[in-house]
Amino acid sequence: MKFKALTAIAALIVAPGLAMADPDDDTMIINGEVEMITKTAVPEHMSDTAVSELMSGWHFRSDETQALQMDDFDNPGMIFVDEGMAQWETVEGTEGNSCASCHEDPSSMKGVRAVYPKWNEDAGEVRTLAMQINACRTENMGAEPYKYTGGEMANMEALIALQSRGMPINVAIDGPVADVWEQGKELYYTRTGQLELSCANCHEDNYGNMIRADHLSQGQINGFPTYRLKNAKLNTVHARFKGCVRDTRAETFKPGGPEFTALELYVASRGNGLSVEGPSVRN
């Protein structure tokens, strides 16, 4: 049974004539004003990989889906940005604070999404943006943390990501984060599950090909949180990681845990140079 499953998945990925579908060469301009970097040179730390050019997942979507992301009026993810704005201004917790109490306008978050995950010196750990949001809630507001992959977290991440839209991803991989980055890299290339697939098997070795009805992208996360037409909601990075691991028929890691944090650091760094797109629109 296992051999048949592996054979089937391999056929879906590499079957000549049936699986090929090149990404397009369109240009993304948001609201007719902001041109996004959706293709760029690979960062130095990827020089030994099979990727010759970085490409946003936007290039692997249909014209109709691409158009949704290019107009904020049509982008369904913007509804959740509005919800995030309401959360930003809401006083919660024992300290009588809201996000706005410390940070005033969300525009103060410009540049933040572009550099996460990053090292937090006080905590002595690599923190994702979601981890930092929850730390602010518990430590500065005396409020309950958001569910890591829940709707409130996705809303807040979308609001913060929007402030950096168009800025290039610039995630550090050296210094105190180096060990965690290496752990993430190992996870990216490790085959898991009954199907014995790694992240790299789909998103490095076979991007541009079709698997069933899906056009395989490079798995870039510069567009997260992303509105998926498939489930009609905003999706966070770790929720997508969980879904990918599940699809290999493997036991998944805990969202917000050390494994997915390391993987996010590594995968985010693979997009260094691409624009922050969140909230993006995907299948």
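The model is predicted, so local features need pLDDT of at least 70, side-chain atom pairs count only at pLDDT 80 or more, and totals for chains, interfaces and linings use all residues. Residues are numbered from 1 along each chain as its sequence is written, and side-chain values use heavy atoms, with hydrogens and water left out.

Let's begin with an open sheet of three strands, ordered 10-9-11, in which the pairing is mixed. Its edge strands, strand 10 (233-235) and strand 11 (280-282), each pair on one side only. Neighbouring strands here are turned by 40° against each other on average, direction ignored; the axes behind such angles are lines fitted to C-alpha atoms, for helices over the stretch in contact, and angles run from 0 to 180 degrees between N-to-C directions. Strands (E, at least two residues) and helices (H or I, at least four) are DSSP runs numbered from the N terminus, and two strands pair if DSSP finds at least two bridges between them. Strand 9 (residues 226-228) and strand 10 run antiparallel to each other in their pairing, with three bridges. Within this pairing, threonine 226 has asparagine 235 of strand 10 as its bridge partner.

**Two nonpolar cores**

A nonpolar core is a set of buried Ala, Val, Leu, Ile, Met, Phe, Trp, Tyr and Cys residues joined through side-chain atoms within 4.5 Å. Buried means under 20% relative accessible area, exposed over 50%, and partly exposed in between (1.4 Å probe, protein chains only). The largest core has 23 residues, and Tyr188, Ile221, Phe241, Leu263, Leu265 and Val267 have the most contacts inside it. Helix 7 (178-189), helix 9 (237-247) and helix 10 (258-269) each supply at least two of its residues, and helix 10 gives the largest share, seven residues. Leaving aside residues up to four places away in sequence, valine 267 touches Tyr188, Gly219, Gln220, Ile221 and Phe241, where contact means heavy atoms within 4.5 Å. A second, separate core has 22 residues, among them Phe80, Tyr116, Ala158 and Leu159.

**Cysteines without disulfides**

The structure holds zero disulfides, a disulfide being a pair of cysteine sulfur atoms within 2.5 Å. For cysteine 102, the nearest cysteine sulfur belongs to cysteine 136 and is 7.5 Å away.

**Accessibility at a glance**

| Residue | Relative accessible area | Class |
|---|---|---|
| Cysteine 102 | 51% | exposed |
| Cysteine 199 | 25% | partly exposed |
| Lysine 254 | 64% | exposed |
| Asparagine 31 | 36% | partly exposed |
| Glutamate 196 | 32% | partly exposed |

**Loops and backbone details**

Lysine 254 sits in the loop between helix 9 and helix 10.

Two cis peptide bonds deserve a look. One joins tyrosine 116 and proline 117, with omega about 0°, and proline 117 lies in the loop between helix 4 (99-103) and strand 5 (118-120). Another joins phenylalanine 224 and proline 225, again with omega about 0°; proline 225 is in the loop between strand 8 (214-215) and strand 9.

Positive phi values turn up in residues other than glycine too. Asparagine 31, in the loop between strand 1 (29-30) and strand 2 (34-35), has phi near 55°. Glutamate 196, in the loop between helix 7 and helix 8 (199-203), has a phi of about 50°.
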